[in-house]
Amino acid sequence: MTKEGEHPVKPANQRGAARLAAVQALYQMDIGGTGVLEVVAEYEAHRLGQELDGDTYLKADPSWFRSIVAGVVRDQTKIDPLVRSALQEDWPLSRLDSTLRAILRAGTFEILERKDVPIAVIVTEYVEIARAFFAEEEPRIVNAVLDRLAKQIRADAKK
């Protein structure tokens with residue numbers, strides 16, 4: 001039941017919701033210096049599928065969420081140079097917006113680790129997340145960087 005003037009909440013893909021929550025958690029860790037265990041515990045207890053400060057978080061696949069957040073933290077020394085290599089030469093990773101950096105790290109992690117998920121799905125999901133936060137340029141950057149990395153990583157895997 002929705003109030004007049006409100007839109008009903010559409011059923012969401014639980015992996016998509018996990019991806020969005022993972023990006024938010026990675027952002028929170030980047031900005032606040034919060035540790036991975038603390039952030040994952042907070043999201044699982046208070047955010048995933050919960051209402052917080054009047055916002056209802058979508059029901060998310062908790063194991064997918066955990067694997068992205070923990071994987072990005074674990075593999076950051078491998079992920080960051082890959083993302084950096086796919087950016088234009090004059091754009092260091094540190095110059096990117098923290099949200100954009102979180103999106104690119106999470107997407108790169110999935111390209112590296114989730115061979116069971118088609119590249120098109122990963123790229124599309126993270127471009128959609130970028131559209132939730134940004135207008136035009138950033139979603140295009142996410143699309144270009146993840147597409148470039150996917151071709152490079154998956155081609156290397158076939159060798």
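This is a predicted model: local features need pLDDT of at least 70, side-chain atom pairs count only at pLDDT 80 or more; totals for chains, interfaces and linings use all residues.
Before I turn to the protein, one term is needed: a residue is called buried when its relative accessible area is under 20%, exposed when that area is over 50%, and partly exposed in between.

Let me step back to the whole chain. The protein has seven helices and two strands, and if you read along the sequence these elements follow the pattern α-α-β-β-α-α-α-α-α. Of the 159 residues in the protein, 42% are buried. If we take the contacts between residues at least 6 apart in sequence, 68% of them join residues at least 24 apart.

I will go on with helix α1, which covers residues 14-32. Its 19 residues should span 27 Å at 1.5 Å a residue, and since the end C-alpha atoms are 26 Å apart, the two values agree. The buried residues of α1 are Gly16, Ala17, Ala18, Arg19, Ala21, Ala22, Val23, Ala25, Leu26, Gln28 and Met29. Ala25, to pick one of them, has a relative accessibility of 0% and therefore counts as buried. After α1 comes Gly33, which has a positive phi, near 70 degrees.

Next is helix α3, residues 62-74, whose 13 residues reach 18 Å from the first C-alpha to the last, close to the 18 Å expected at 1.5 Å a residue. Which residues of α3 are buried? They are Trp64, Phe65, Ile68, Val69, Gly71 and Val72, and because these buried residues fall within an arc of 170 degrees when seen down the axis of α3, they line one face of the helix.

Phe65 and Ala25 are 40 residues apart along the chain, while their C-alpha atoms are separated by 9.3 Å. Pro62, whose place is also in helix α3, is 44 residues along the chain from Ala18, and there the C-alpha atoms are separated by 6.7 Å. Pro62 itself counts as partly exposed, because its relative accessibility is 36%.

Finally, I come to α5, residues 98-113, and α6, residues 119-133, whose axes come within 10 Å and cross at roughly 170 degrees. The two helices are therefore roughly antiparallel to each other. On the α5 side the contact is made by Thr99, Ile103, Ala106, Gly107, Glu110 and Ile111, and these meet Ile119, Ile122, Tyr126, Ile129, Ala130 and Phe133 in α6. Sorted by kind, the residues of this contact divide into nine nonpolar, two polar and one charged.

As for α6 on its own, 15 residues at 1.5 Å a residue should span 21 Å, and because its end C-alpha atoms are 22 Å apart, this agrees. Its buried residues are Ile122, Val123, Glu125, Tyr126, Val127, Ile129 and Ala130. And that brings us back to Thr124, whose C-alpha atom is separated by 9.4 Å from that of Val142, with the two residues 18 apart along the chain.

Definitions and conventions. Residues are numbered from 1 along each chain as its sequence is written. Side-chain values use heavy atoms; hydrogens and water are left out. Helices (H or I, at least four residues) and strands (E, at least two) are DSSP runs, numbered from the N terminus. The expected span of a helix is 1.5 Å times one less than its number of residues. Buried means under 20% relative accessible area, exposed over 50%, partly exposed in between (1.4 Å probe, protein chains only). The arc is that of the directions from the helix axis to the C-beta atoms. Axes are lines fitted to C-alpha atoms, for helices over the stretch in contact, and angles run from 0 to 180 degrees between N-to-C directions. Angles under 35 degrees count as roughly parallel, over 145 as roughly antiparallel, 65 to 115 as roughly perpendicular and the rest as oblique. Contact means heavy atoms within 4.5 Å. Ala, Val, Leu, Ile, Met, Phe, Trp, Tyr, Cys and Pro count as nonpolar, Asp, Glu, Lys and Arg as charged, and the others, Gly among them, as polar.
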